Structures are given as C-alpha cells and as structure tokens.
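Have a look at the structure first, then read on.

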Amino acid sequence: MPPSPEYLTTYVPTPCLNVATSPVLVLGIDGRSGAGKSTLAAELATLLRRHREVALFHLEDIYPGWDGLAAGTAAYVTEVLEPLAAGRAASWDTWDWAAGTTGDRTTMETAPVIIIEGVGAGCAAARGLLDALIWVQVPDPVRKERALERDGEVFSAHWDRWAAQEETYLKRDAVPQHADITVHNRADGSAPEHLLRALAALQICHGVLAPERAQVAARAPEHHVFHAAPDAAALFNALHGTAEHAVLLESSNLSFTDPRQRNRYSLMAAADSDACATYEQRGGTGFLREGTATARITGGFFEWLSRAWEVPSPSSTDPLLPFAPGWLGYLGYELKRETGGSNNAAAALDPGSLADAVLIRPTRVIIIDHHTSTVHLLDAGSTDGTGFQARVGALLEGTLGADLVPGPLDPAPAFTVRDEAANYLAKVTAAQEQIRRGNSYEVCLTTALSCASVVCDPWENYLRLRAANPAPFAHYLRFGNAAAASTSPERFLAIGADGWMRAEPIKGTRPRGHTTQADAQLHRELASSPKDRAENIMIVDLLRNDLSHFAVPGSLSVPRLCEIESYASVHQMVSTIDALLRPGAPRAEAVAAAFPAGSMTGAPKVSTMEILDNLEDGVPRGMYSGAVGYFSATGSADLSVVIRTLVMTRAADAVSWDLSLGVGGAITADSDPQEEWDEVRTKAFGVLSALGSTFPDS
C-alpha cells in the first residue's frame with residue numbers, strides 16, 4: 001500500500017549496514033492493503049535484531065505511483081531482491097509520492113536477515129529467492145477501515161484503483177496458497193511474537209533462530225504443589241471441559257496391580273490461549289498454529305518432531321515428575337508411510353478424515369501423583385498464571401468429587417462391522433497363506449465397528465468407558481471436531497529423561513470369567529497357551545530389533561516375558577523390553593524406528609504392513625493402532641498403543657457424532673479362524689458394553 005501522509009514526511013531510506021556477508025534468511029511479507037504488513041514487518045525486525053542485524057525494505061518505496069503495482073513488483077525483484085539475496089548491495093530509484101515523480105537513488109546493503117514487505121513481495125518471480133513467505137490476512141471490511149483510518153484522505157481517493165490492481169495481481173498469482181506462514185492479524189500487538197514462534201518451526205529458519213529457541217527452552221516452568229488426591233476426570237472436566245483442544249492421560253485403574261508403577265501419574269492440559277500451540281499432520285504437510293500465525297511445514301512428522309522436541313539444558317523442573325510442558329496428543333497409524341509402510345494418499349487428501357497426527361503444546365500442565373496424593377501445576381508462561389493457580393487451589397479445597405457416570409446411551413448405538421464373520425474368517429485364512437509362503441511370521445489383522453450420527457457427548461462416553469474398564473493408559477482427547485475415549489492397557493514406548501527406553505507389548509487375550517473359578521481357569525489357560533506365548537515372543541523379538549537401532553550395545557534386556565495382567569474385562573499376556581538410548585541419539589528417530597507398534601502389525605514389520613494393506617482393503621486405520629502420549633521438554637516420552645479406543649468425529653449435522661472402534665488379533669500359522677473371530681468379539685466387549693451396545697450379529 002502506498003505510504004501514509006506521515007510516512008511521506010518522515011520516511012528515511014534504510015541505512016547501509018555495511019555487512020559484508022550473504023544473507024542467511026530472506027523473508028517476504030505480502031498481503032492486501034490495510035492488513036498491517038508494514039507494522040508487522042517493523043516489529044518483527046525489532047525482535048530479530050536482538051541477536052543479529054536485519055535489513056528491512058518496503059515496496060512502497062519503489063512503486064511508481066498509484067497505478068504502479070505491477071511495475072513496482074517487477075522492479076523490486078530485479079533491482080532489490082535479486083542482488084540482496086545474492087549478497088550484493090541493492091540500488092533503486094525511490095518514488096516521491098508527494099511530487100508524483102522519481103526521487104533519489106537509494107542503496108541498501110545486505111544483512112544476515114532481510115525482510116521485504118509490501119503487496120507483491122511474494123509474487124511468483126520472487127518466491128524462488130525467498131526463504132519464507134508470510135501472508136498477512138485480515139477480513140476485507142476491516143482492512144479498508146484500518147487503511148483509511150491510518151492514511152486518511154490521501155489513500156481514500158485512490159483506494160478503488162489500488163484495490164483493483166491487487167485483485168488483478170492475486171487472480172493471476174494465488175500467493176496465499178504458497179505462503180509458508182499465514183498471519184491473521186488482529187492488530188493488537190500479538191502478531192509479531194506469534195510470527196516469530198512460527199518462523200522458528202520452519203526447517204529453513206531452525207539454525208538461524210537458534211538463539212530465540214534457546215531463550216525459550218531456558219525458561220523453567222513455575223512449579224506449584226497442592227496436597228490433594230482428586231478424581232482426575234472430575235478435575236479435568238472442571239478445568240478443561242469446554243476446551244476445543246485438550247488432553248487427559250489418566251491412570252484410571254488405581255485399585256489394580258501395578259508391577260511397573262504405570263498407575264502413578266495422570267496428566268491433563270489444554271491449548272487454551274495464544275501462548276499455546278497446536279500441530280496437525282496431513283500427508284506430507286504439517287500445520288503449526290502459534291496464536292494468530294499458522295505455519296505450513298513440508299516434510300514428514302518425525303522430521304518435524306525431531307526439531308520441535310529438543311532436549312534443553314536442565315531446568316528446575318522436579319526430576320521426579322514425568323513431564324515438563326512439551327507436546328501431547330496422538331500419532332495415527334498412517335504415519336507408517338514414514339517408517340517403511342505404504343502411503344495411503346487418498347486417505348491423507350480426504351478433508352473429512354482424521355489428521356495423521358495432532359499434538360498440543362500447552363503452557364500449563366496438571367500432574368496428579370497418585371502415590372503421594374499431590375497435585376503439581378507446571379506453568380511455562382501463561383498470561384494468567386496466578387488466576388489459574390487460584391482456580392486450581394479453589395477446586396481442590398472445595399467439594400470436587402468424582403464425575404458421575406452417566407447411564408448407557410439410550411437408544412444404544414447399533415454398530416455395524418466392516419468385516420462380517422465369513423469375510424473375516426476368509427482373511428484369516430489368507431493371512432495364514434502369506435505365513436505359509438514365508439512372507440510373514442505373524443499378521444495382526446484388524447477390522448472396525450462403526451455407527452453413524454449418534455447423539456451423545458464424547459466426554460460422557462469417556463466416563464462410561466473408564467468406569468467399566470479402568471486402565472493404566474486411559475485417555476481422553478478432544479481436538480475440535482474429533483475426540484477419542486480410550487481404556488488402553490498397553491504401553492507402546494517410554495523414554496526416560498535419562499535415556500532408558502521401555503516397550504511393553506501385549507499379545508494374548510482372554511475374557512474375565514463370570515465366577516472366581518472360571519476366571520482362574522481362563523487365567524491359567526492364557527498363561528499356558530503355546531500359541532499366545534509364540535505370538536508374544538515374536539513381537540518381543542521384533543521390538544528388541546526396533547530398540548536396538550539406537551540402543552547402547554549390551555543394554556537390551558527382557559525383564560518380563562509372557563506375564564499375565566488382569567483388567568476389568570480381560571486377562572492379557574504382557575512382556576517388557578528395556579534398552580538404554582545411545583548418548584546423543586535422536587530421540588524422535590528412536591520413536592520412529594519402533595512405530596507403529598509391532599503388536600499391531602506383526603513380524604517382520606515392513607512386509608507384514610504391506611500384507612495388511614491388501615487384507616484390510618486399503619481402509620486407513622486412522623488413530624487406531626497408533627500411539628497416544630507425550631513428548632516432554634525434559635526429553636522424556638511415554639506413549640500408549642491406541643486400542644480399546646472409541647474414536648468420535650462430529651457428523652455432518654454438527655449435532656451428532658460418528659463412532660468407530662478398531663479391533664483385531666494376531667494371526668499365526670496355527671491360528672484357528674473361529675477363535676480369532678471370537679477374540680475380536682472379546683476385545684470389542686469392554687467398549688461396546690460400556691455404551692449399552694452389543695456386537696452386531698453376523
């Protein structure tokens with residue numbers, strides 16, 4: 001946009017910086033007139049100048065008059081951008097807006113960071129020379145109001161002719177679609193900081209903005225301790241019940257045996273302010289929202305995670321706590337495309353499908369230590385920390401009881417199963433044929449139950465599930481129009497801040513008996529089953545191989561093999577594999593090496609995933625078979641396998657929810673097809689019965 005009257009009288013060309021270096025980073029800030037680009041660019045430059053020199057160029061200085069958008073854009077590319085990006089000084093004739101003629105010749109030296117701002121900054125001819133393109137977005141009526149309020153009569157007389165040129169420019173060149181970052185500028189002073197955080201997430205900016213990232217990582221969260229033993233679900237609902245993006249990771253089976261202290265902690269958090277972030281992966285693109293700025297990040301999920309989940313210098317966070325504010329959420333099964341599996345491109349492009357992964361980075365986290373009856377509030381820089389602390393204290397001092405468990409849904413959801421009995425039995429036989437041919441040793445075949453347009457409350461469904469099936473890795477996720485309620489008993493992978501890794505695969509399931517005698521018999525039957533032991537041991541071998549890629553040689557051990565754990569609705573056969581991460585090894589890559597969980601694929605993993613793609617008709621598993629958990633700022637992580645999980649997506653009517661439940665079992669050479677079908681029904685029972693539903697007849 002041409003300069004305001006004040007700008008006409010006070011503007012001084014950017015001085016030569018005399019920096020004899022090629023630029024490290026070239027940023028273009030584009031957007032329609034009135035979007036606030038000039039102010040945003042100037043304030044961003046101020047933030048960046050804390051650690052390096054910055055050169056700032058406004059296209060307003062080169063447009064040749066009110067009809068000069070196209071000519072000015074062309075001149076900017078050849079006279080300014082090309083030399084600056086190549087490390088040479090740029091020279092151009094300024095435009096004297098008051099006289100309506102060419103003004104003085106101006107020169108600008110290059111600098112470590114160059115910011116170019118104005119309509120046309122991100123044009124097609126410029127994009128190849130920009131390291132990052134930022135598009136500033138404001139609703140049209142607001143844009144015009146802001147522009148005319150700022151520029152008064154000077155711009156008012158020319159608004160329509162200039163707007164017409166912008167329209168022509170953007171019809172010919174869809175600049176917003178090429179933006180690396182889109183800023184929805186509220187003009188409240190928040191956008192520059194949000195933009196800086198989004199820039200730091202781009203791979204091209206990662207090294208350049210290391211000082212800014214280090215400064216953030218060095219901030220230790222404030223730690224407040226309350227002596228209380230609240231019901232985790234009740235506290236979560238009171239604090240985050242209306243949040244659009246919230247996570248509860250709950251140890252809900254506190255009365256059950258806990259051989260590895262998996263029931264000690266429950267965590268809860270929400271992305272409920274501009275200081276928080278959300279990340280969503282779809283196909284080969286990630287979308288990171290930092291307040292008003294949304295970055296489009298090309299590349300794989302684990303590549304992004306490796307940058308986002310960095311281990312900072314030690315902070316004052318209590319080393320006994322499992323988590324310091326980092327990332328929480330889910331990794332869907334379709335991320336297998338990055339770890340040797342196929343790419344289900346159609347699923348990734350379907351706008352109605354679940355994202356491949358969704359994580360939140362909250363500023364505040366509540367951790368309940370069930371062993372010490374303490375509640376820990378970690379605050380990494382929220383704007384209302386004192387108020388939130390007081391709110392938590394008031395809730396804990398009050399009469400916060402357990403959330404009441406709602407009754408079964410009425411009417412009960414009538415589920416259908418993707419594979420009816422005959423079809424599933426045929427697929428079991430087909431899997432065994434693949435095993436006979438030597439293409440696999442074990443095939444973890446799955447199917448899904450679904451029910452469309454159910455009028456229900458996702459949170460109430462979680463309360464139903466946790467009451468019926470307590471579990472050490474129960475979780476409730478709410479991400480906009482998607483939610484998940486889970487009573488998962490299985491750990492996928494944990495990594496301690498000290499580098500110790502642990503996987504705890506489950507293979508082998510029996511239902512609980514109706515009498516003590518029958519229950520004991522089912523327990524003995526599972527413990528002595530050669531088939532179930534063989535299934536479990538094959539997955540143990542697979543996970544030993546997965547962990548070995550990044551483990552200290554000789555540190556691998558199997559402290560538990562084929563032990564039986566009992567839950568409300570099932571007995572499970574569980575093993576434990578431990579290994580020590582090599583010093584300096586990339587933790588995100590260690591997670592990727594084990595993903596997806598071998599207990600949900602079979603062995604060998606890559607060839608078996610290809611077999612499963614065919615047997616499961618290319619239908620994406622989505623969240624099911626993936627992982628849920630956290631990546632702590634301390635470098636620790638704990639992820640569970642997404643099983644026994646009801647996935648809910650908002651239906652088209654915006655009132656009801658579509659429900660999905662994945663189920664399956666491991667097929668070996670000596671599997672009995674009918675017994676495998678019975679196991680599918682057994683695994684579905686816990687979730688279905690909590691809703692008042694039954695397995696569909698087939």
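Which residues do ring pairs link into a cluster? They are Tyr279, Phe301, Phe302, Trp304, Trp327, Phe492 and Phe595. Keep in mind that this is a predicted model, where local features need pLDDT of at least 70, side-chain atom pairs count only at pLDDT 80 or more, and totals for chains, interfaces and linings use all residues. Residues are numbered from 1 along each chain as its sequence is written, and side-chain values use heavy atoms, leaving out hydrogens and water.

**Ring pairs**
- The structure has 20 aromatic pairs (Phe, Tyr or Trp rings, using the six-membered ring of Trp, with centres within 6.5 Å; planes under 30 degrees apart are stacked, over 60 edge-to-face, the rest tilted).
- Phe57 and Trp92 make an edge-to-face pair, because their ring centres are 4.9 Å apart and their planes sit at 85°.
- Phe57 is in strand S2 (residues 54–58) and Trp92 in strand S3 (residues 90–96), so this pair ties together parts 35 residues apart in sequence (strands are DSSP runs of E, at least two residues; helices are runs of H or I, at least four; both are numbered from the N terminus).
- Trp304 and Trp327 are also edge-to-face, at 5.1 Å centre to centre with 80° between the planes.
- Trp304 belongs to helix H11 (residues 301–308) and Trp327 to strand S14 (residues 327–331), so the pair joins parts 23 residues apart in sequence.

**Burial**
- Phe57 counts as buried at 1% relative accessibility (buried means under 20% relative accessible area, exposed over 50%, partly exposed in between, with a 1.4 Å probe and protein chains only).
- Trp304 is buried at 2%, and Trp327 is buried at 5%.

**Charges over rings**
- Arg364 lies over the face of Phe388, 3.9 Å from the ring centre (NZ of Lys or CZ of Arg must be within 6 Å of the centre and within 35 degrees of the ring normal).
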